[in-house]
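Please examine the sequence and the model shown here. The paragraphs that follow lead through selected parts in turn.

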Amino acid sequence: MPASQASKDEMPTTPPRPIKEPGPPNNSVLSREDEKKLRESGELFIEHQKLSTPFGPALLKPLKINPNRDDHKAAIRVELGAIRVLPNDEWVKTLYVDLVEDSEKPPFIKREIAAGLFYPKAIINAILNRFVLQRGKNRKQRMILRKAVDTHTKNILHEEKYATTRFSRPDVSVKAQGDSFEEPKVKPGHEVPEVGFSNMSSFMEMKVNHREKSPKVQGLQVGVYVRQIFIQQPNRRFVRVLLLTEKNLRFFHFDRSGAMCSSYIDIHKNPGTFIRLVVGLNSLDESVLGFDTSIKWVIEDGRKIGGTLTTWSPNDPETKMNYQLCDVNPIDRSHDIRGRGTRCWHVSDPETHTEYWVKDCWRAEDRVSEHIYHEEAMDCPGVAQMVAFEENRWETKSFRGEDGIAHKDFHNRVAARIVTYCYGLCIRNFSCALELLRAMRDAIIGHMKLFGKDILHRDITMESILLGIKGNDGKPEKGNWGVLSNLHMAIKVDRDTKKVSMEWRTGPRTYLSLEILRNCKRLDKPKEITPAQDHLDDLESFLYVYNHILSQYDADGQELAELDEDILGWVTEDARTAIHLKTSFLSRTSAPPILKERWPPACINVLLAFREFISQQVTRKSEVHDNVLVLADRAEEIKKIVARIDTHYNTVLCIFNSGVAQLEKEERDGAHTHSLDPQSPTPAGRKRKTLYESNPGTTSQRGLNDLSGEDSEDTDAGESSDVAV
């Protein structure tokens with residue numbers, strides 16, 4: 001059912017199909033040890049997990065693919081929550097006192113300030129020339145540029161995970177040069193603008209006193225620009241900016257915990273504070289600006305052409321190593337301000353040329369660090385293997401004063417870094433149908449093995465399933481055609497739910513199970529009725545990943561030009577509509593003819609059988625949560641479901657093993673014509689026309705694409721199919 005036809009006024013509870021408990025497959029692929037571990041972990045889960053942290057309220061609203069100005073502000077409003085206004089100015093006035101002494105304020109700057117901020121660019125450049133550029137420690141530093149540029153009429157392009165032509169216009173932007181800055185990206189043949197979000201150290205937004213807006217309204221406007229700085233400067237830890245009037249300044253601070261600002265500070269009475277803030281927000285020291293300086297780039301003709309990332313050596317935990325960046329851009333990144341702020345980097349050892357993935361992430365303080373789960377998953381097939389980590393790199397509370405963290409809406413986040421072996425790209429980069437089925441199967445085995453170690457993954461997405469490392473024979477090691485990564489949302493099945501994180505869960509909505517989507521609708525109800533996410537929710541997410549691939553790609557791994565309408569609805573629609581779409585999907589008993597034309601029967605059979613199984617489980621769970629109102633009775637019914645956990649995994653793995661066996665037979669018989677050579681290496685550089693492809697555009701007129709928001713009003717497992725695992 002198209003998203004446009006889904007009624008938002010009705011909320012189906014279960015797919016219209018009778019419950020049919022699956023019996024054990026004829027041939028069990030689970031070892032007795034696996035069955036025993038699964039049952040024991042299932043018992044612990046039932047005993048300890050009564051509820052889970054719901055996703056944030058953002059899922060209650062649709063995601064706009066190419067949002068306009070007001071859409072952006074609305075999304076940032078939900079994402080940031082409250083913008084904390086500091087109760088006094090003491091902390092702001094203590095910032096950067098080591099950079100400028102009161103006795104150093106030259107008279108000409110005092111005269112400029114006294115005359116009013118009607119020529120802000122000139123004033124800011126005067127401050128930069130006197131206190132920043134002339135303070136360089138050496139000739140090279142003194143040559144680094146900091147220059148205020150009038151950009152209130154210039155289109156500064158946005159970057160998104162989808163193609164966009166949006167732009168915005170901060171009033172004054174400070175053009176910067178250094179290890180972390182590069183010229184803005186443009187289409188071939190277009191003129192490179194003087195300044196963009198990729199090469200500004202900060203910006204100033206100008207207002208007039210008699211048209212004063214609330215801090216919230218001002219924060220949402222500058223938040224649009226700040227978000228782009230975080231996206232286009234991927235090693236930023238925090239961003240600080242100023243809002244100026246002819247009399248006052250307001251200081252804004254953004255980090256992965258959200259935003260805060262000062263009240264108005266009179267510039268005429270506090271010229272030293274104004275000068276210090278301009279200097280500090282545009283310092284030559286990139287760590288002062290909020291950059292993670294363990295990542296440095298080589299800049300040539302204004303563009304990043306290489307770089308290094310410094311972290312612990314995998315061979316010596318006491319030694320730091322400068323890895324070479326294989327790609328100057330992150331291979332994966334978050335596009336939000338508040339939240340995990342994930343960045344993933346592809347690096348190589350400069351001596352051995354061994355390649356690794358490096359993941360930077362900001363976890364909520366009250367969540368278990370990801371490296372602990374990786375340590376427990378050592379030598380676990382189907383799970384990415386960690387080789388080094390850095391924990392507690394920074395905390396967001398250290399970027400704020402006491403008043404900035406002393407309120408209920410602040411949740412501290414801690415920066416961590418994980419280094420793993422360099423696996424293949426995510427599973428959407430499969431090269432043939434057989435590789436896809438093997439990768440899905442081995443990733444599900446990895447999920448099962450994790451649960452047997454008392455760990456539930458809870459974040460199954462396209463990006464968390466990677467293709468395995470291929471050897472000289474073109475095949476991965478046994479059991480590693482597909483591996484699970486991204487354990488940042490994992491939990492121990494025996495965790496104390498009294499210590500569940502107070503911070504909303506964040507992440508993509510595309511593959512969320514029906515029960516998790518329903519939890520989003522229960523935000524205004526007691527926590528006791530937000531059921532804990534279990535292994536069946538994750539298996540349901542595997543189904544949605546598999547269906548997404550079959551719907552959007554052909555059997556040779558080529559992506560279709562048009563987005564599947566149902567998948568687009570999963571990606572963009574609000575929780576209520578997504579419930580309708582996924583309920584409709586689970587109720588189907590056949591595959592669309594177009595899928596049968598593009599995919600071999602083995603893959604279609606896997607889809608139908610997998611969907612049938614998940615539909616039955618969703619039906620049973622939904623009836624329990626919707627109809628059994630007494631919590632003790634509900635827990636008993638859920639216990640009966642989880643008690644069959646070994647049967648659940650066995651059923652799903654037998655479905656995939658059957659598909660693998662059929663394709664292997666066709667390959668041996670020479671009858672399979674849908675796939676490429678399964679031993680061929682996965683094409684690492686294949687161009688994908690995805691929803692998330694960034695395609696900056698240009699426009700010469702201010703209009704629909706402009707997100708500046710000037711003066712706008714704000715309204716509030718192995719080779720054979722029968723392998724034992």
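Is arginine 169 buried or exposed? The model is a predicted one, and in this model arginine 169 has a relative accessibility of 9%. Because buried means under 20% relative accessible area, arginine 169 counts as buried. This residue is found in the loop between strand E4 (167-168) and strand E5 (172-176). The side chain of arginine 169 is joined to that of asparagine 155 by a polar contact of 2.5 Å.

A strand may be considered next. All 6 of the 6 residues of strand E15 (residues 343-348) are buried, so this strand is largely enclosed by the rest of the structure. The covering extends to both faces of E15: on one side Arg343, Trp345 and Val347 are buried, and on the other Cys344, His346 and Ser348 are buried.

Which strands pair with E15? Strand E13 (residues 320-325) runs antiparallel to E15, and 2 bridges join them. Here glutamine 324 has serine 348 of E15 as its bridge partner. Strand E14 (residues 332-333) also pairs with E15 in the antiparallel sense, over 2 bridges, and arginine 333 has arginine 343 of E15 as its bridge partner. With strand E16 (residues 355-364), E15 forms an antiparallel pairing over 6 bridges. E15 and E16 form a hairpin with 6 residues between them. In the turn of this hairpin, histidine 353 has a positive phi of about 65°.

The discussion now turns to nonpolar side chains. In soluble globular proteins, such side chains tend to be buried together. In this model, the largest nonpolar core has 96 residues, and those with the most contacts inside it are Ile427, Phe542, Tyr546 and Trp599. Helix H12 (residues 433-452) gives the most to this core, contributing 12 residues. Tyrosine 546 touches Leu436, Leu437, Met440, Cys603, Val606, Leu607 and Phe656, when residues up to four places away in sequence are not counted. Apart from this core lies another, of 30 residues, among them Val132, Ala148, Val279 and Leu281.

Aromatic rings provide a further subject. How many aromatic pairs are there? With ring centres required to lie within 6.5 Å, the count comes to 18 aromatic pairs. One of them joins tyrosine 544 and tryptophan 570, whose ring centres are 4.9 Å apart and whose planes stand at 65°, so the pair is edge-to-face. Planes over 60 degrees apart are counted in this way. Tyrosine 544 lies in helix H14 (residues 535-552) and tryptophan 570 in helix H15 (residues 565-572), so the pair ties together parts that are 26 residues apart in sequence. Elsewhere, Phe238, Trp362, Trp394 and Phe399 form one aromatic cluster.

Finally, charged side chains may also be placed over aromatic rings. Arginine 256 lies over the face of phenylalanine 230, at 4.4 Å from the ring centre. Likewise, the charged end of lysine 304 sits over the ring of tryptophan 297, at 3.6 Å from the centre of that ring.

How values were computed. Residues are numbered from 1 along each chain as its sequence is written. This is a predicted model: local features need pLDDT of at least 70, side-chain atom pairs count only at pLDDT 80 or more; totals for chains, interfaces and linings use all residues. Side-chain values use heavy atoms; hydrogens and water are left out. Rings of Phe, Tyr and Trp (its six-membered ring) pair if their centres lie within 6.5 Å; planes under 30 degrees apart count as stacked, over 60 as edge-to-face and the rest as tilted. Helices (H or I, at least four residues) and strands (E, at least two) are DSSP runs, numbered from the N terminus. A charge sits over a ring if NZ of Lys or CZ of Arg is within 6 Å of the ring centre and within 35 degrees of the ring normal. Buried means under 20% relative accessible area, exposed over 50%, partly exposed in between (1.4 Å probe, protein chains only). Two strands pair if DSSP finds at least two bridges between them. A nonpolar core is a set of buried Ala, Val, Leu, Ile, Met, Phe, Trp, Tyr and Cys residues joined through side-chain atoms within 4.5 Å. Contact means heavy atoms within 4.5 Å. A polar contact is a pair of N or O atoms within 3.5 Å; within protein, one must be able to donate a hydrogen and the other to accept it, and residues adjacent in sequence count only if both atoms are side-chain atoms.
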